[in-house]
Amino acid sequence: MNVIIIDYGAGNIQSIQFAFQRLGINAKLSNSIEEILSADKVIFPGVGEASQAMQMLKKSKLDLIIPTLKQDVLGICLGMQLLCKHTEEGNTKGLGVFDVDVKRFSSAVKVPHMGWNTIQNLQSGLLKNIPEESYMYSVHSYYASIGKQTIARSQYDLEFSAALQSDNFYGVQFHPEKSSKDGAQLLQNFLNL
Amino acid sequence: MLAKRIIPCLDIKNGRTVKGVNFLNLRDAGDPVALAKQYAENGADELVFLDISATLESRSTTIDMVRNVAEHIDIPFTVGGGVSTKDGVELLLKSGADKVGVNSAAIKRPELVNELSKAFGNQCIVVAIDAKQVDGKWLVHLAGGTIPTDLDLFEWAKEVETRGAGEILFTSMNNDGVKTGFANSALAQLSETVNIPIIASGGAGTIQHFVDVFTEGKADAALAASVFHFGEIAINDLKQELQSNKINIRL
(Lines give C-alpha, C1' and ligand atoms only; values in the text may rest on other atoms or scores of the structure.)
Protein backbone atom coordinates (compact mmCIF):
# COMPACT_ATOMS: atom_id res chain seq x y z
CA MET A 1 0.00 0.00 0.00
CA ASN A 2 1.24 3.44 -0.97
CA VAL A 3 1.02 5.69 2.11
CA ILE A 4 2.30 9.26 1.88
CA ILE A 5 2.99 11.48 4.89
CA ILE A 6 2.83 15.09 3.76
CA ASP A 7 6.17 16.69 4.62
CA TYR A 8 5.80 20.47 4.71
CA GLY A 9 8.18 21.64 7.42
CA ALA A 10 10.00 20.90 10.63
CA GLY A 11 8.67 18.75 13.43
CA ASN A 12 8.29 15.20 14.57
CA ILE A 13 6.87 13.41 11.55
CA GLN A 14 9.54 10.74 11.78
CA SER A 15 7.50 9.13 14.56
CA ILE A 16 4.50 8.66 12.25
CA GLN A 17 6.71 6.95 9.72
CA PHE A 18 8.10 4.68 12.43
CA ALA A 19 4.56 3.85 13.64
CA PHE A 20 3.60 2.64 10.15
CA GLN A 21 6.88 0.75 9.95
CA ARG A 22 5.82 -1.15 13.09
CA LEU A 23 2.64 -2.09 11.17
CA GLY A 24 4.76 -3.36 8.28
CA ILE A 25 4.05 -0.37 6.03
CA ASN A 26 6.78 1.70 4.46
CA ALA A 27 5.13 5.14 4.50
CA LYS A 28 6.93 7.81 2.52
CA LEU A 29 7.52 11.45 3.44
CA SER A 30 6.79 13.74 0.51
CA ASN A 31 5.71 17.24 -0.48
CA SER A 32 5.31 16.35 -4.15
CA ILE A 33 1.78 17.03 -5.38
CA GLU A 34 2.11 14.25 -7.92
CA GLU A 35 3.08 11.69 -5.28
CA ILE A 36 0.34 12.84 -2.92
CA LEU A 37 -2.33 12.62 -5.65
CA SER A 38 -1.31 9.08 -6.55
CA ALA A 39 -1.12 7.77 -2.96
CA ASP A 40 -3.58 5.18 -1.62
CA LYS A 41 -3.67 6.88 1.78
CA VAL A 42 -2.49 10.32 2.84
CA ILE A 43 -1.37 11.43 6.29
CA PHE A 44 -1.56 15.16 6.99
CA PRO A 45 0.52 15.71 10.12
CA GLY A 46 0.71 18.80 12.29
CA VAL A 47 3.83 20.79 12.81
CA GLY A 48 4.41 23.92 14.89
CA GLU A 49 2.10 26.91 14.80
CA ALA A 50 -1.07 27.20 12.66
CA SER A 51 -0.45 30.41 10.68
CA GLN A 52 3.13 29.43 9.83
CA ALA A 53 2.04 25.92 8.87
CA MET A 54 -0.66 27.37 6.59
CA GLN A 55 1.93 29.65 4.96
CA MET A 56 4.11 26.65 4.22
CA LEU A 57 1.13 24.83 2.70
CA LYS A 58 0.33 27.83 0.52
CA LYS A 59 3.93 28.14 -0.63
CA SER A 60 3.77 24.63 -2.09
CA LYS A 61 0.12 25.03 -3.21
CA LEU A 62 -0.83 22.11 -0.96
CA ASP A 63 -3.64 24.25 0.50
CA LEU A 64 -5.43 23.91 -2.86
CA ILE A 65 -4.67 20.21 -3.35
CA ILE A 66 -5.45 18.73 0.07
CA PRO A 67 -9.19 19.57 0.17
CA THR A 68 -9.66 18.00 -3.28
CA LEU A 69 -8.12 14.62 -2.41
CA LYS A 70 -10.35 11.61 -3.14
CA GLN A 71 -8.42 8.98 -1.19
CA ASP A 72 -8.58 8.59 2.60
CA VAL A 73 -6.80 11.42 4.40
CA LEU A 74 -5.90 11.42 8.09
CA GLY A 75 -5.08 14.75 9.71
CA ILE A 76 -3.18 14.46 12.96
CA CYS A 77 -3.15 17.15 15.69
CA LEU A 78 -2.50 20.49 13.94
CA GLY A 79 -3.18 18.68 10.64
CA MET A 80 -6.73 18.03 11.85
CA GLN A 81 -7.08 21.63 13.06
CA LEU A 82 -5.97 23.02 9.69
CA LEU A 83 -8.74 21.00 8.05
CA CYS A 84 -11.30 22.94 10.13
CA LYS A 85 -12.96 26.26 9.14
CA HIS A 86 -10.84 28.61 11.20
CA THR A 87 -8.42 28.54 14.11
CA GLU A 88 -7.81 31.18 16.74
CA GLU A 89 -4.12 30.32 16.61
CA GLY A 90 -2.63 33.18 14.59
CA ASN A 91 -6.23 33.97 13.46
CA THR A 92 -5.81 31.50 10.61
CA LYS A 93 -8.37 30.51 8.00
CA GLY A 94 -8.46 26.73 7.66
CA LEU A 95 -9.04 24.46 4.68
CA GLY A 96 -12.74 24.15 5.56
CA VAL A 97 -13.13 20.39 5.23
CA PHE A 98 -14.47 20.08 8.76
CA ASP A 99 -17.34 22.37 9.65
CA VAL A 100 -16.09 23.46 13.09
CA ASP A 101 -13.89 26.20 14.51
CA VAL A 102 -10.72 25.78 16.55
CA LYS A 103 -10.39 27.76 19.77
CA ARG A 104 -7.92 28.13 22.61
CA PHE A 105 -8.50 26.41 25.95
CA SER A 106 -9.32 28.85 28.72
CA SER A 107 -6.91 29.67 31.52
CA ALA A 108 -9.14 27.72 33.93
CA VAL A 109 -6.96 24.74 33.01
CA LYS A 110 -3.25 24.23 32.40
CA VAL A 111 -2.40 24.87 28.75
CA PRO A 112 -1.17 22.94 26.77
CA HIS A 113 -3.46 19.98 27.40
CA MET A 114 -0.66 17.47 27.69
CA GLY A 115 -0.78 13.76 28.36
CA TRP A 116 -3.13 10.79 28.18
CA ASN A 117 -6.85 11.47 28.12
CA THR A 118 -9.87 9.28 27.45
CA ILE A 119 -12.00 9.37 24.29
CA GLN A 120 -15.75 8.75 24.20
CA ASN A 121 -18.74 8.34 21.86
CA LEU A 122 -16.68 6.54 19.23
CA GLN A 123 -18.60 6.46 15.94
CA SER A 124 -16.50 5.52 12.95
CA GLY A 125 -14.68 2.64 11.30
CA LEU A 126 -11.55 4.60 12.11
CA LEU A 127 -12.16 3.73 15.77
CA LYS A 128 -13.09 0.09 15.29
CA ASN A 129 -11.84 -2.30 18.01
CA ILE A 130 -10.86 0.64 20.20
CA PRO A 131 -12.84 0.50 23.47
CA GLU A 132 -14.78 3.48 24.80
CA GLU A 133 -12.74 5.40 27.40
CA SER A 134 -9.43 4.38 25.84
CA TYR A 135 -6.51 6.65 26.65
CA MET A 136 -4.81 8.54 23.83
CA TYR A 137 -1.82 10.87 24.05
CA SER A 138 -2.42 14.52 23.23
CA VAL A 139 -0.52 17.75 23.37
CA HIS A 140 -2.28 20.88 22.17
CA SER A 141 -3.40 24.34 23.29
CA TYR A 142 -6.29 24.70 20.86
CA TYR A 143 -9.29 22.40 20.37
CA ALA A 144 -11.88 21.73 17.67
CA SER A 145 -15.44 22.28 18.82
CA ILE A 146 -18.10 19.60 18.76
CA GLY A 147 -20.07 19.40 15.51
CA LYS A 148 -22.03 17.03 13.29
CA GLN A 149 -18.77 15.54 12.02
CA THR A 150 -17.48 14.69 15.49
CA ILE A 151 -16.72 10.95 15.70
CA ALA A 152 -14.99 10.94 19.12
CA ARG A 153 -15.14 13.29 22.06
CA SER A 154 -12.79 14.16 24.86
CA GLN A 155 -13.05 16.33 27.96
CA TYR A 156 -10.63 19.01 29.17
CA ASP A 157 -11.85 22.42 30.24
CA LEU A 158 -14.90 21.48 28.15
CA GLU A 159 -16.02 18.76 25.75
CA PHE A 160 -14.25 18.94 22.38
CA SER A 161 -13.75 16.89 19.20
CA ALA A 162 -11.10 14.20 19.69
CA ALA A 163 -11.78 13.02 16.14
CA LEU A 164 -13.70 14.27 13.10
CA GLN A 165 -14.82 12.75 9.82
CA SER A 166 -16.18 14.20 6.61
CA ASP A 167 -16.50 11.54 3.89
CA ASN A 168 -12.93 10.43 3.08
CA PHE A 169 -11.37 13.01 5.43
CA TYR A 170 -10.52 11.96 8.97
CA GLY A 171 -8.87 13.94 11.72
CA VAL A 172 -7.60 13.08 15.19
CA GLN A 173 -6.53 15.59 17.81
CA PHE A 174 -4.40 13.05 19.67
CA HIS A 175 -1.25 11.37 18.40
CA PRO A 176 -2.04 7.77 17.39
CA GLU A 177 1.67 7.22 16.62
CA LYS A 178 2.41 7.89 20.30
CA SER A 179 -0.66 6.27 21.85
CA SER A 180 0.61 2.75 22.36
CA LYS A 181 -1.59 -0.19 21.29
CA ASP A 182 -4.86 1.72 20.80
CA GLY A 183 -3.05 4.28 18.67
CA ALA A 184 -1.55 1.52 16.54
CA GLN A 185 -5.04 0.02 16.18
CA LEU A 186 -6.32 3.35 14.88
CA LEU A 187 -3.57 3.57 12.27
CA GLN A 188 -4.30 -0.02 11.24
CA ASN A 189 -8.01 0.85 10.97
CA PHE A 190 -7.12 3.79 8.74
CA LEU A 191 -5.17 1.47 6.45
CA ASN A 192 -8.13 -0.95 6.40
CA LEU A 193 -10.75 1.68 5.49
CA MET B 1 -10.26 12.72 32.12
CA LEU B 2 -6.61 13.69 31.80
CA ALA B 3 -4.38 11.18 33.61
CA LYS B 4 -1.43 11.93 35.87
CA ARG B 5 1.74 10.70 34.20
CA ILE B 6 4.48 8.37 35.41
CA ILE B 7 7.79 9.10 33.71
CA PRO B 8 10.91 6.98 34.09
CA CYS B 9 13.99 9.08 33.49
CA LEU B 10 16.94 7.53 31.77
CA ASP B 11 20.15 9.42 32.42
CA ILE B 12 22.44 8.77 29.48
CA LYS B 13 26.20 8.82 29.35
CA ASN B 14 28.11 7.41 26.40
CA GLY B 15 24.91 5.77 25.14
CA ARG B 16 24.30 3.92 28.43
CA THR B 17 21.82 4.57 31.22
CA VAL B 18 23.17 5.78 34.53
CA LYS B 19 21.66 7.32 37.65
CA GLY B 20 23.58 9.59 39.92
CA VAL B 21 23.06 9.78 43.66
CA ASN B 22 22.87 13.55 44.19
CA PHE B 23 24.09 13.84 40.59
CA LEU B 24 27.46 12.21 41.32
CA ASN B 25 28.66 8.64 41.84
CA LEU B 26 27.23 7.09 38.68
CA ARG B 27 25.93 3.52 38.49
CA ASP B 28 25.26 1.68 35.23
CA ALA B 29 21.66 0.56 34.79
CA GLY B 30 21.54 -0.68 31.23
CA ASP B 31 20.86 -0.15 27.58
CA PRO B 32 18.55 2.84 26.93
CA VAL B 33 16.60 1.35 24.02
CA ALA B 34 15.94 -1.95 25.82
CA LEU B 35 14.93 -0.10 28.97
CA ALA B 36 12.69 2.28 27.01
CA LYS B 37 10.89 -0.58 25.32
CA GLN B 38 10.41 -2.40 28.60
CA TYR B 39 9.05 0.72 30.29
CA ALA B 40 6.64 1.40 27.42
CA GLU B 41 5.32 -2.15 27.70
CA ASN B 42 5.01 -1.95 31.48
CA GLY B 43 2.81 1.14 31.43
CA ALA B 44 5.13 4.13 31.54
CA ASP B 45 3.26 7.15 30.16
CA GLU B 46 6.26 8.92 28.80
CA LEU B 47 10.06 8.80 29.00
CA VAL B 48 12.74 11.38 29.57
CA PHE B 49 16.32 10.93 28.37
CA LEU B 50 18.85 13.23 29.95
CA ASP B 51 22.26 13.24 28.36
CA ILE B 52 24.24 14.06 31.48
CA SER B 53 27.54 13.79 29.68
CA ALA B 54 26.41 16.57 27.36
CA THR B 55 26.41 19.28 29.98
CA LEU B 56 29.25 18.06 32.13
CA GLU B 57 31.60 17.16 29.35
CA SER B 58 30.17 19.01 26.34
CA ARG B 59 29.20 15.83 24.53
CA SER B 60 26.34 16.13 22.09
CA THR B 61 23.26 14.00 22.67
CA THR B 62 23.39 10.94 20.50
CA ILE B 63 21.04 11.28 17.57
CA ASP B 64 21.37 7.60 16.78
CA MET B 65 19.96 6.70 20.16
CA VAL B 66 17.01 9.05 19.65
CA ARG B 67 16.21 7.52 16.25
CA ASN B 68 16.53 4.06 17.67
CA VAL B 69 14.17 4.83 20.55
CA ALA B 70 11.62 6.51 18.26
CA GLU B 71 11.70 3.49 15.99
CA HIS B 72 10.97 1.01 18.75
CA ILE B 73 8.65 2.66 21.26
CA ASP B 74 5.13 4.00 20.87
CA ILE B 75 4.89 6.46 23.76
CA PRO B 76 6.22 10.03 23.81
CA PHE B 77 9.69 10.93 24.99
CA THR B 78 11.70 14.01 25.82
CA VAL B 79 15.42 14.45 25.24
CA GLY B 80 17.51 16.91 27.21
CA GLY B 81 21.02 17.59 28.36
CA GLY B 82 23.35 20.09 26.78
CA VAL B 83 20.78 21.30 24.25
CA SER B 84 21.71 24.88 23.44
CA THR B 85 20.86 25.77 19.84
CA LYS B 86 17.85 25.90 17.53
CA ASP B 87 19.62 23.59 15.08
CA GLY B 88 20.31 21.11 17.86
CA VAL B 89 16.63 21.08 18.83
CA GLU B 90 15.52 20.69 15.22
CA LEU B 91 17.81 17.70 14.75
CA LEU B 92 16.42 16.01 17.88
CA LEU B 93 12.80 16.62 16.80
CA LYS B 94 13.48 15.42 13.27
CA SER B 95 15.11 12.30 14.67
CA GLY B 96 11.92 11.41 16.52
CA ALA B 97 12.03 13.18 19.90
CA ASP B 98 8.59 14.51 20.86
CA LYS B 99 9.87 17.16 23.21
CA VAL B 100 13.23 18.69 23.95
CA GLY B 101 14.40 19.82 27.37
CA VAL B 102 16.55 22.90 27.80
CA ASN B 103 18.16 23.90 31.06
CA SER B 104 21.49 25.75 31.38
CA ALA B 105 21.31 27.24 27.88
CA ALA B 106 18.00 28.92 28.76
CA ILE B 107 19.48 30.42 31.92
CA LYS B 108 22.48 31.76 30.02
CA ARG B 109 20.29 33.14 27.20
CA PRO B 110 16.57 33.24 28.08
CA GLU B 111 15.59 34.39 24.55
CA LEU B 112 16.38 30.84 23.45
CA VAL B 113 13.04 29.74 24.93
CA ASN B 114 11.18 32.31 22.79
CA GLU B 115 13.07 31.28 19.68
CA LEU B 116 12.44 27.58 20.21
CA SER B 117 8.74 27.88 20.99
CA LYS B 118 8.22 30.16 18.01
CA ALA B 119 10.03 27.78 15.67
CA PHE B 120 8.67 24.45 16.91
CA GLY B 121 5.62 25.27 19.05
CA ASN B 122 5.56 25.50 22.84
CA GLN B 123 4.18 21.96 23.13
CA CYS B 124 7.62 20.48 22.48
CA ILE B 125 9.71 22.81 24.64
CA VAL B 126 10.31 21.59 28.18
CA VAL B 127 12.34 23.84 30.44
CA ALA B 128 14.18 21.78 33.02
CA ILE B 129 14.99 23.58 36.25
CA ASP B 130 17.37 22.23 38.90
CA ALA B 131 16.90 24.09 42.16
CA LYS B 132 18.11 23.80 45.71
CA GLN B 133 16.59 25.29 48.83
CA VAL B 134 19.24 27.41 50.57
CA ASP B 135 18.24 29.36 53.70
CA GLY B 136 14.57 29.00 52.78
CA LYS B 137 15.04 30.30 49.24
CA TRP B 138 14.85 28.04 46.17
CA LEU B 139 17.85 28.88 43.98
CA VAL B 140 18.17 27.69 40.38
CA HIS B 141 21.41 25.84 39.58
CA LEU B 142 23.31 25.48 36.32
CA ALA B 143 25.16 22.66 34.57
CA GLY B 144 23.59 19.55 36.07
CA GLY B 145 23.09 21.25 39.40
CA THR B 146 26.75 22.08 39.97
CA ILE B 147 26.74 25.89 39.71
CA PRO B 148 24.39 28.05 41.82
CA THR B 149 22.76 31.17 40.34
CA ASP B 150 20.85 34.08 41.91
CA LEU B 151 17.65 33.08 40.11
CA ASP B 152 14.60 32.30 42.23
CA LEU B 153 12.83 29.09 41.17
CA PHE B 154 9.35 30.63 41.04
CA GLU B 155 10.40 33.80 39.24
CA TRP B 156 12.35 31.79 36.70
CA ALA B 157 9.43 29.39 36.16
CA LYS B 158 7.10 32.34 35.52
CA GLU B 159 9.60 33.85 33.11
CA VAL B 160 10.05 30.70 31.03
CA GLU B 161 6.27 30.24 30.88
CA THR B 162 5.93 33.79 29.53
CA ARG B 163 8.71 33.11 27.03
CA GLY B 164 6.91 30.06 25.66
CA ALA B 165 7.84 26.95 27.63
CA GLY B 166 5.21 24.24 27.25
CA GLU B 167 6.13 22.35 30.39
CA ILE B 168 8.45 22.58 33.39
CA LEU B 169 10.56 19.72 34.71
CA PHE B 170 11.51 20.73 38.24
CA THR B 171 14.22 18.76 40.02
CA SER B 172 14.73 19.44 43.68
CA MET B 173 18.42 18.89 44.36
CA ASN B 174 17.71 18.64 48.08
CA ASN B 175 15.53 15.61 47.38
CA ASP B 176 17.27 14.05 44.40
CA GLY B 177 18.75 10.60 45.00
CA VAL B 178 17.90 10.46 48.71
CA LYS B 179 14.49 8.73 48.32
CA THR B 180 12.64 10.60 51.07
CA GLY B 181 9.84 11.99 48.91
CA PHE B 182 9.36 14.82 46.43
CA ALA B 183 9.60 18.55 47.28
CA ASN B 184 5.82 18.80 47.57
CA SER B 185 5.37 22.27 49.03
CA ALA B 186 7.64 23.84 46.40
CA LEU B 187 5.85 21.84 43.71
CA ALA B 188 2.42 22.98 44.89
CA GLN B 189 3.62 26.58 44.91
CA LEU B 190 5.02 26.12 41.41
CA SER B 191 1.65 24.82 40.18
CA GLU B 192 0.00 27.96 41.56
CA THR B 193 2.65 30.19 39.99
CA VAL B 194 2.40 28.94 36.40
CA ASN B 195 -0.39 27.56 34.19
CA ILE B 196 1.63 24.94 32.28
CA PRO B 197 2.15 21.29 33.30
CA ILE B 198 4.75 20.49 35.96
CA ILE B 199 6.83 17.32 36.03
CA ALA B 200 8.10 16.61 39.54
CA SER B 201 11.56 15.12 39.87
CA GLY B 202 13.81 14.17 42.73
CA GLY B 203 13.03 12.14 45.81
CA ALA B 204 10.95 9.12 44.76
CA GLY B 205 11.57 6.21 47.11
CA THR B 206 8.20 4.61 47.80
CA ILE B 207 4.77 4.32 46.19
CA GLN B 208 3.40 6.65 48.86
CA HIS B 209 5.79 9.36 47.62
CA PHE B 210 4.02 9.26 44.26
CA VAL B 211 0.60 9.47 45.92
CA ASP B 212 1.84 12.52 47.85
CA VAL B 213 3.36 14.29 44.85
CA PHE B 214 0.02 14.16 42.99
CA THR B 215 -2.11 15.16 45.99
CA GLU B 216 0.05 17.49 48.13
CA GLY B 217 2.48 18.45 45.35
CA LYS B 218 -0.30 18.96 42.73
CA ALA B 219 2.14 17.69 40.07
CA ASP B 220 0.90 16.75 36.60
CA ALA B 221 3.58 14.10 36.18
CA ALA B 222 6.15 12.41 38.37
CA LEU B 223 9.58 11.41 37.19
CA ALA B 224 11.94 8.92 38.77
CA ALA B 225 14.92 6.82 37.78
CA SER B 226 16.58 4.45 40.22
CA VAL B 227 13.39 3.09 41.84
CA PHE B 228 12.33 1.97 38.37
CA HIS B 229 15.71 0.96 36.95
CA PHE B 230 16.57 -1.31 39.85
CA GLY B 231 13.07 -2.79 40.05
CA GLU B 232 12.30 -1.37 43.50
CA ILE B 233 8.93 -0.15 42.23
CA ALA B 234 7.12 -1.82 39.32
CA ILE B 235 5.12 0.70 37.28
CA ASN B 236 2.07 -1.59 37.14
CA ASP B 237 1.97 -1.91 40.94
CA LEU B 238 2.51 1.82 41.32
CA LYS B 239 -0.40 2.61 39.01
CA GLN B 240 -2.75 0.15 40.76
CA GLU B 241 -1.94 1.81 44.06
CA LEU B 242 -2.42 5.30 42.65
CA GLN B 243 -5.79 4.26 41.29
CA SER B 244 -6.88 2.89 44.67
CA ASN B 245 -5.94 6.31 46.06
CA LYS B 246 -8.41 7.88 43.59
CA ILE B 247 -5.68 9.37 41.44
CA ASN B 248 -6.59 9.29 37.76
CA ILE B 249 -4.04 7.29 35.81
CA ARG B 250 -3.90 5.29 32.59
CA LEU B 251 -4.03 1.56 33.28
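Student: What makes the meeting of the side chains of Lys178(A) and Asp98(B) a salt bridge?

Tutor: The N to O distance is 2.9 Å. A salt bridge needs a side-chain nitrogen of Lys or Arg within 4 Å of a carboxyl oxygen of Asp or Glu, so the pair Lys178(A) and Asp98(B) qualifies. The count between chain B and chain A is 2 salt bridges. This is a predicted model, in which local features need pLDDT of at least 70 and side-chain atom pairs count only at pLDDT 80 or more, while totals for chains, interfaces and linings use all residues. Residues are numbered from 1 along each chain as its sequence is written, chains are lettered from A in the order in which they are written, and side-chain values use heavy atoms, with hydrogens and water left out.

Student: Why is the pair of Tyr8(A) and Phe44(A) called tilted?

Tutor: Rings of Phe, Tyr and Trp (its six-membered ring) pair if their centres lie within 6.5 Å; planes under 30 degrees apart count as stacked, over 60 as edge-to-face and the rest as tilted. Here the centres are 5.6 Å apart and the planes stand at 40°, so the pair is tilted.

Student: How do you know whether Tyr8(A) is buried or exposed?

Tutor: Buried means under 20% relative accessible area, exposed over 50%, partly exposed in between (1.4 Å probe, protein chains only). Tyr8(A) has 7%, so Tyr8(A) is buried.

Student: And what about Phe44(A), buried or exposed?

Tutor: Relative accessibility is 0% for Phe44(A), so Phe44(A) counts as buried.
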